[in-house]
Amino acid sequence: MIGVGVIGYGYWGPNLVRNFSDIPAVDLRWVCDLQTERLARLRLRYPAVKITEDMADVLADPKVDAVAIATPVFTHFDLAMRALCAGKSVFVEKPITTTSEQAQRLIDEADRRGLVIAVDHTFIHTGAVRKLREVIRKDLGEIYYYDSVRVNLGLFQHDVSVMWDLAVHDLSIMDYALDARPRAVSATGMSHVTGEPENIAYLNLHFDSRLMAHVHVNWLAPVKVRRTLVGGSNKMIVYDDLEPSEKIKVYDRGITLDPMAPRAGERRNQMQIGYRAGDMFAPQLDITEALGSELSEFITCVEHGTKPSADGTAGLRVVRILEAASRSMANGGAVVELPRERVLA
Ligand SMILES: NC(=O)c1ccc[n+]([C@@H]2O[C@H](COP(=O)([O-])OP(=O)(O)OC[C@H]3O[C@@H](n4cnc5c(N)ncnc54)[C@H](O)[C@@H]3O)[C@@H](O)[C@H]2O)c1
């Protein structure tokens with residue numbers, strides 16, 4: 001059995017607790033939160049789990065092998081470092097940390113101690129995103145664009161902007177599904193509440209190829225949209241996460257290019273653009289709850305010392321893009337290069 005403690009029982013923590021308690025190989029030993037009334041609620045549902053307001057109690061338990069951290073973003077680094085230093089493997093919520101330097105330090109500490117560090121990039125464990133990756137890599141041909149909209153009337157956060165909250169999902173999906181890493185980023189954003197972080201942001205990711213990626217995130221939209229278009233030379237995908245079952249639709253649509261016979265006064269080598277409007281196909285998707293699969297994978301990694309799909313370096317790559325995008329935003333949308341050698345890491 002792998003002994004587990006969960007730190008943070010606010011909005012997301014209960015999902016970790018529920019899923020851990022469903023994994024037969026897990027001995028869910030502790031839940032820790034600073035707010036006693038939250039722990040009182042937990043006690044009713046999980047009477048066998050010990051509760052505490054002090055993380056030190058969890059770390060002092062020799063039967064705890066791993067700690068899952070679902071606290072506000074600014075606390076991730078300190079709490080994760082404390083857990084690693086106490087010899088516990090760590091599953092930390094997204095984004096892994098608030099700076100790339102912090103993420104690197106967690107990775108180094110985990111490596112030094114032979115511990116697992118995983119970041120909750122939930123979407124890469126969904127059937128939809130797994131299928132997205134498969135179709136992108138097998139059927140799309142050259143990838144032309146990745147265009148994502150993730151907007152709703154969202155909960156305004158005080159410690160992170162909408163980009164550090166919602167764009168993490170898109171960046172982690174791209175990190176997993178695309179066969180390319182961005183070279184540079186530019187971003188613009190705005191806060192409509194004085195003194196609070198940006199509630200709307202537009203990110204452009206630049207690649208070495210002809211691929212363009214765009215992410216639009218917004219907490220101040222009248223309707224909820226979770227839609228991604230991926231265009232390729234052979235096929236195109238619409239991924240609508242709000243669709244109950246047919247979340248992924250693959251369209252055999254696009255253009256064909258034929259050289260045009262030059263006529264008087266026309267440029268040479270002009271191409272005749274034809275349109276291909278073939279069938280749409282909605283593949284069958286695995287509907288297992290993503291968080292359940294993700295936490296099961298984490299526990300297997302702790303048992304066998306293997307690397308999770310979203311390890312510390314995946315978390316670090318996302319934070320590097322967010323950092324560069326924040327710099328770009330502060331400079332009116334200037335293009336900010338990502339460190340070259342690190343992009344390929
Ligand atoms: N993967 C996802 O899809 C997803 C969804 C929502 C939130 N999250 C992430 O989960 C994390 C938490 O978000 P939330 O919305 O649940 O926040 P929240 O504010 O609702 O809950 C955080 C909880 O952590 C507790 N806490 C803070 N510091 C603590 C400490 N030192 N020790 C013990 N408890 C402490 C707070 O009392 C609070 O109950 C964030 O990193 C967020 O990005 C992930």
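1. A charge is taken to sit over a ring if NZ of Lys or CZ of Arg is within 6 Å of the ring centre and within 35 degrees of the ring normal. In this predicted model, Lys50 meets that rule over the face of Trp30, at 5.4 Å from the ring centre. Arg133 is placed likewise over the face of Tyr176, with a distance of 4.8 Å to the ring centre.

2. Aromatic pairs come to 3 in count. One of them joins Tyr11 and Trp12, whose ring centres are 6.1 Å apart; the planes meet at 45 degrees, so this pair is tilted. Tyr11 is exposed, with 72% relative accessibility, while Trp12 is partly exposed at 28%. Phe156 and Trp219 make another tilted pair, with ring centres 5.5 Å apart and planes at 45 degrees. That pair links distant parts of the chain, 63 residues apart: Phe156 belongs to the loop between β7 (143–153) and α7 (162–177), and Trp219 to the loop between β10 (212–218) and β11 (220–232). Trp219 is buried, at 2% relative accessible area, whereas Phe156 is partly exposed, at 30%.

3. The open sheet has 9 strands in the order β14-β13-β12-β11-β7-β10-β9-β8-β15, and its pairing is mixed. β14 and β15 (336–337) are the edge strands; each has a single partner strand, so one side of each lacks a neighbour in the sheet. Further in, strand β12 (residues 236–240) runs antiparallel to β13, with 4 bridges between them. Tyr239 stands opposite Ile248 of β13.

4. A nonpolar patch lies on the surface and consists of Ile255, Leu257, Met271, Ile273 and Tyr275, which together have about 540 Å² of accessible area. β13 (248–259) and β14 (271–281) each contribute at least two of the patch residues. Ile273 is located in strand β14 and is partly exposed, with a relative accessible area of 45%.

5. The whole structure holds 19 salt bridges. Among them is the contact between the side chains of Glu289 and Arg18, at 3.0 Å from N to O.

6. The salt bridge between Arg113 and Glu109, at 2.7 Å from N to O, is local. Both residues are in helix α5 (residues 100–113), 4 residues apart, or about one turn of the helix. Glu109 counts as buried, with 10% relative accessibility, but Arg113 is partly exposed at 39%.

7. Asp208 and Arg183 form a salt bridge through their side chains, with an N to O distance of 3.4 Å. Asp208 lies in the loop between β9 (200–206) and β10, and Arg183 in the loop between α7 and β8 (184–190), so placed that the pair links distant parts of the chain, 25 residues apart. Asp208 is exposed, at 57% relative accessibility, and Arg183 is partly exposed, at 25%.

8. Salt bridges also form a network, which links Asp27, Arg29 and Asp61.

How values were computed: Residues are numbered from 1 along each chain as its sequence is written. This is a predicted model: local features need pLDDT of at least 70, side-chain atom pairs count only at pLDDT 80 or more; totals for chains, interfaces and linings use all residues. Side-chain values use heavy atoms; hydrogens and water are left out. Patches are made of residues with over 30% relative accessible area and no salt bridge: like charges are joined within 9 Å, nonpolar side chains (Val, Leu, Ile, Met, Phe, Trp, Tyr) within 5 Å. Accessible areas come from the Shrake-Rupley method with a 1.4 Å probe; for residues, only the protein chains shown count as cover. A salt bridge is a side-chain nitrogen of Lys or Arg within 4 Å of a carboxyl oxygen of Asp or Glu. Buried means under 20% relative accessible area, exposed over 50%, partly exposed in between (1.4 Å probe, protein chains only). Rings of Phe, Tyr and Trp (its six-membered ring) pair if their centres lie within 6.5 Å; planes under 30 degrees apart count as stacked, over 60 as edge-to-face and the rest as tilted. Two strands pair if DSSP finds at least two bridges between them.
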